[in-house]
Amino acid sequence: MADPDTITARIPASCPASISQILYHAWHHDLAGLKPLLNVPGRASVQEPTTGETPLHAAIRACAPVNRSTLDDDDAEVVERAKAVVHELFMSGAIWNDVDDHDETPACIAERLGLKDLYALCVGAGVRAELLFGLLNGYEQLDSDDEDSDEEEEKGQEGKGEENIDATGEKEEEEAQIIVDSDPDRAFVPRKKAVGPDVNSADYLRSSLTYSDGKLVDSSQNGVMMAWETSIMRASLTSLLPSLPPGRRILNIGFGMGIIDSMFAGTQPSKHHIIEAHPAVLSHIATSPESRFGPEWEASGPSAGAFKVHAGRWQDVVPQLLDQGELYDAIYFDTFGEDYGQLRMFFTEYVPALLEEQGRFGFFNGLGADRKICYDVYTQVVEMHLSDAGMDVEWQELDVDMEGLQKEGEGEWQGVKRRYWTLDKYRLPTCTLMG
Ligand SMILES: C[S@@+](CC[C@H](N)C(=O)[O-])C[C@H]1O[C@@H](n2cnc3c(N)ncnc32)[C@H](O)[C@@H]1O
């Protein structure tokens with residue numbers, strides 16, 4: 001079989017001349033020849049109609065070993081020339097997360113070929129694009145009472161469901177689809193994912209749920225929470241409550257399988273508040289024989305209301321907690337079916353007021369977790385937004401045991417619609433208020 005990274009495989013003879021011309025210049029790192037072609041808006045993001053090759057894909061893929069002999073320069077020079085072309089393409093509006101017919105973005109190719117500098121250029125472009133995307137969409141202005149806003153939410157944020165940030169990538173793909181009809185430069189149709197991210201908060205909260213076999217799934221078989229995440233929950237707890245004496249005040253948003261709440265309960269807190277919105281989860285908490293957070297637990301607190309499950313969406317409950325003057329030493333956030341804008345709203349508008357001066361805030365970091373480039377982009381985006389909110393973040397990189405997590409529909413993913421986690425490293429955030 002021909003090497004899939006060769007120019008003949010990527011730019012077939014059938015490619016329209018107006019597109020192949022740009023792709024050839026990009027592939028051969030001919031900056032001088034390419035620049036004038038990019039003067040027309042949109043030309044930096046043309047796509048070969050059958051392979052989905054963009055000029056970014058071409059410029060990066062040309063650095064593959066199989067192509068080196070066709071380029072005159074030595075390896076280092078090839079990469080330098082590719083960097084100049086990729087930079088120019090981004091400056092001309094090239095799209096950082098277009099996927100080709102192998103479901104690879106330009107950054108995925110750079111990663112696969114070990115081209116770190118080119119990968120870093122893609123991350124930088126992704127961060128700029130996503131910051132702009134956030135501004136244009138006014139995430140922070142989302143009205144939690146607005147039904148329309150809810151309907152627009154994707155399961156972006158946690159990765160459990162969307163994926164978000166591929167979640168965001170998905171949005172951009174949708175936008176690209178709209179352009180397709182009228183724009184022959186963007187006629188490539190990406191392979192549809194077998195299972196798309198169609199979760200939104202309103203639908204999720206109305207759906208029925210099933211607890212079984214170490215997982216919690218909704219009626220569409222979306223994985224809401226899975227037991228393989230236990231080690232992440234354990235590490236999150238340790239980062240939030242590092243060798244502190246008992247008696248901490250804890251707020252956890254999103255009960256799920258109660259994994260982290262069971263761990264929190266084991267630290268002998270003086271206050272342990274849980275916010276949970278889904279009726280089925282609330283019923284599980286109150287009545288399941290496996291639940292340890294029912295009425296007896298609530299009554300066992302050191303004072304009235306110290307141990308409590310607050311029923312409702314955090315968007316409605318948190319303002320009440322603020323009115324009551326509640327303060328916490330540790331706050332953890334892990335919801336489902338909500339987009340990144342909701343997480344951002346939580347840590348921007350509420351965490352600074354709810355967190356004790358020396359307290360710690362953490363969240364399940366599944367942002368973009370179905371693709372490394374998206375995960376890397378969102379690490380930087382969320383760090384900037386946390387900084388805007390007056391918070392420092394420290395990242396701890398954890399190994400994820402990928403045994404049973406490698407294949408869609410198999411192992412842990414059996415009976416789960418979408419493999420929302422694909423990475424062997426988890427980046428755990430520990431956030432503190434700036435001094
Ligand atoms: C991923 S699970 C949490 C898992 C949990 N960290 C654990 O250790 O088992 C997400 C939970 O958030 C809840 N949830 C989703 N949206 C919510 C909202 N707006 N307010 C409160 N809870 C919400 C879901 O019903 C679900 O129980």
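1. Disulfides. With a disulfide taken as a pair of cysteine sulfur atoms within 2.5 Å, the count is 0. Cysteine 122 is in no disulfide, and the nearest cysteine sulfur, at 9.0 Å, belongs to cysteine 108. Cysteine 374 is likewise in no disulfide; its nearest cysteine sulfur is that of cysteine 108, 7.5 Å away.

2. Basis of the values. This is a predicted model, in which local features need pLDDT of at least 70 and side-chain atom pairs count only at pLDDT 80 or more, while totals for chains, interfaces and linings use all residues. Residues are numbered from 1 along each chain as its sequence is written, and side-chain values use heavy atoms, with hydrogens and water left out.

3. Burial of the cysteines. Buried means under 20% relative accessible area, exposed over 50%, and partly exposed in between (1.4 Å probe, protein chains only). Cysteine 122 counts as buried because its relative accessibility is 0%. Cysteine 374, at 1%, counts as buried too.

4. The sheet. Strands are DSSP runs of E, at least two residues long, numbered from the N terminus; two of them pair if DSSP finds at least two bridges between them. Three strands form an open sheet in the order β1-β2-β3, with antiparallel pairing. β1 (209-212) and β3 (223-226) are the edge strands, each pairing on one side only. Neighbouring strands are turned by 10° against each other on average, direction ignored, with axes as lines fitted to C-alpha atoms and angles running from 0 to 180 degrees between N-to-C directions.

5. The β2 and β3 pair. Strand β2 (residues 215-218) pairs with β3 in the antiparallel sense over 3 bridges. Lysine 215 stands opposite methionine 226 in β3.

Conventions
Helix = DSSP H or I, 4+ residues; strand = E, 2+ residues; numbered from the N terminus.
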